[in-house]
Amino acid sequence: MKVVVVGSKGTLGLALSQFWNDPRVASRIAASSGGDVKPTNDVVVPLNLPDFDICSRTHAIHTIGDLRPDVIVNASGINLIDWLESRPNTARNVHGHGVSNLKTAARQTGALLVQFGCGEAFYRKRLSAESTDDPEAISPDAPGFSETELTYPASVYAKTKLESERIAQEAPKSLVLRFSSLFGETSEYSSGNLVNTLFNSLARTKKISVLNDRVIEPLWTIDVLCALKTLIAANARGVYHLTGNSRTTPKELAEYFFKRCGYRDREVVGISSEEYGVTAPQSAFTVLRSVKYDSVEGAYKIPDWKTALSDYLDWRQSHLIF
Ligand SMILES: NC(=O)c1ccc[n+]([C@@H]2O[C@H](COP(=O)([O-])OP(=O)(O)OC[C@H]3O[C@@H](n4cnc5c(N)ncnc54)[C@H](OP(=O)(O)O)[C@@H]3O)[C@@H](O)[C@H]2O)c1
């Protein structure tokens, strides 16, 4: 099988393009299923800016057409939610026109098009004493959103990401995987993530301010790769939510991170999104529920966030990956 990974220098793209055939990924999938999973020997082609821009229609379609892939994985995108809010044309260009170009390439080559979506598809405010009658407000303990839940995007980012999903599903064969948030190794090109920020803080400060008014579910990029590989093997199509059925706040994650890494002298201060200076509407609750995913035979069982983070820290420390 030939796989093209678009946005290969981003957080997710890096994991997908570097570890697609890694035996440890096969072992991780095997451990979740209890079966025997052999490492794959697929051809993986990484594509990223500046050589490959999904918005350059002719170039993008011809490049992918020449490669004749079986799978096009679109891990590109712009995740800077506040920044995009005042740049709707940029958002529409990358998340709309860019994905449309990949759809054309998928149609011409007969490839499966894989697109990623986010929990921001379901905007909610944090429930408070004043907002009990507000239909946009949600309790931190509420069940996650399932694949069939009505979407409700609020930011330019969320609206255009949903547009990406819609366009991708017009391809003859498509898969849309939504998740809440990611952690994993980053390159200088990645938009970064909370765990990466925590690593960077170690040498700089003993006190760090982290949001405490969001409920999220962080997923390790390697687990997204494992889930994707099992969905492709199962010939799955349509929208799937990826979740390890666990939730946290960024503050709780930071506290666990420092404890797990043995830094007991670190102070984590909880701050609100308002104090942080968030400007675009960002959801207070991006927890998902995976009803459809759970029904796929052989689907990788995604671990809870603490297990995944712990595994990532072990893997990183052993210098076996990255
Ligand atoms: N990160 C999360 O917590 C999260 C949560 C839910 C869903 N997602 C989704 O998961 C996917 C991957 O996210 P990520 O965190 O890995 O993103 P990321 O680290 O920001 O990486 C995105 C990559 O896309 C590239 N890119 C941007 N515009 C491009 C274009 N026009 N043509 C080709 N490549 C382009 C970027 O290159 P440059 O850096 O050179 O611009 C970057 O390498 C995205 O669809 C995102 O919306 C992410």
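Reader: Which residues of H1 are buried?
Author: In H1 of this predicted model, the buried residues are Thr 11, Leu 12, Gly 13, Leu 14, Ala 15, Leu 16, Ser 17 and Phe 19. Each of them has 20 or more other C-beta atoms within 10 Å of its own, because that is the cut-off for buried.

Reader: What makes H1 "mostly covered"?
Author: The count does. Eight of its nine residues are buried.

Reader: What makes S2 and S11 edge strands?
Author: The strand order in this open sheet is S2-S1-S3-S4-S7-S11, with parallel pairing. S2 (43-47) and S11 (238-241) each have a single partner strand, so one side of each lacks a neighbour in the sheet. From one strand to the next, the twist averages 20°.

Reader: How do you know that S1 and S2 pair?
Author: Pairing requires at least two bridges. S1 (residues 2-6) and S2 have five, in the parallel sense. Lys 2 has Val 43 of S2 as its bridge partner.

Reader: Where do H1 and H6 sit on the sheet?
Author: H1 touches S1, S2, S3 (71-74) and S4 (112-118), and its direction makes about 160° with that of S1. H6 (residues 156-168) touches S4, S7 (174-179) and S11. The direction of H6 makes about 160° with that of S4.

Reader: Why is S7 called largely enclosed?
Author: Six of its six residues are buried, so the rest of the structure largely encloses S7. Ser 174, Val 176 and Arg 178 point one way, while Leu 175, Leu 177 and Phe 179 point the other way. All are buried.

Reader: Which strands pair with S7, and over how many bridges?
Author: S4 joins S7 through six bridges, and the two run parallel. Leu 113 stands opposite Ser 174 of S7. S11 pairs with S7 over four bridges, again in the parallel sense. There, Leu 175 has Gly 238 of S11 as its bridge partner. Both counts meet the requirement of at least two bridges.

Key
Residues numbered from 1 in each chain as written. Predicted model: local features only at pLDDT ≥ 70, side-chain atom pairs only at ≥ 80, totals over all residues. Buried ≥ 20, exposed ≤ 12 C-beta atoms within 10 Å, placed from the backbone. Axes fitted to C-alpha atoms, helices over the stretch in contact; angles between N-to-C directions. Contact = placed C-beta atoms within 7 Å.
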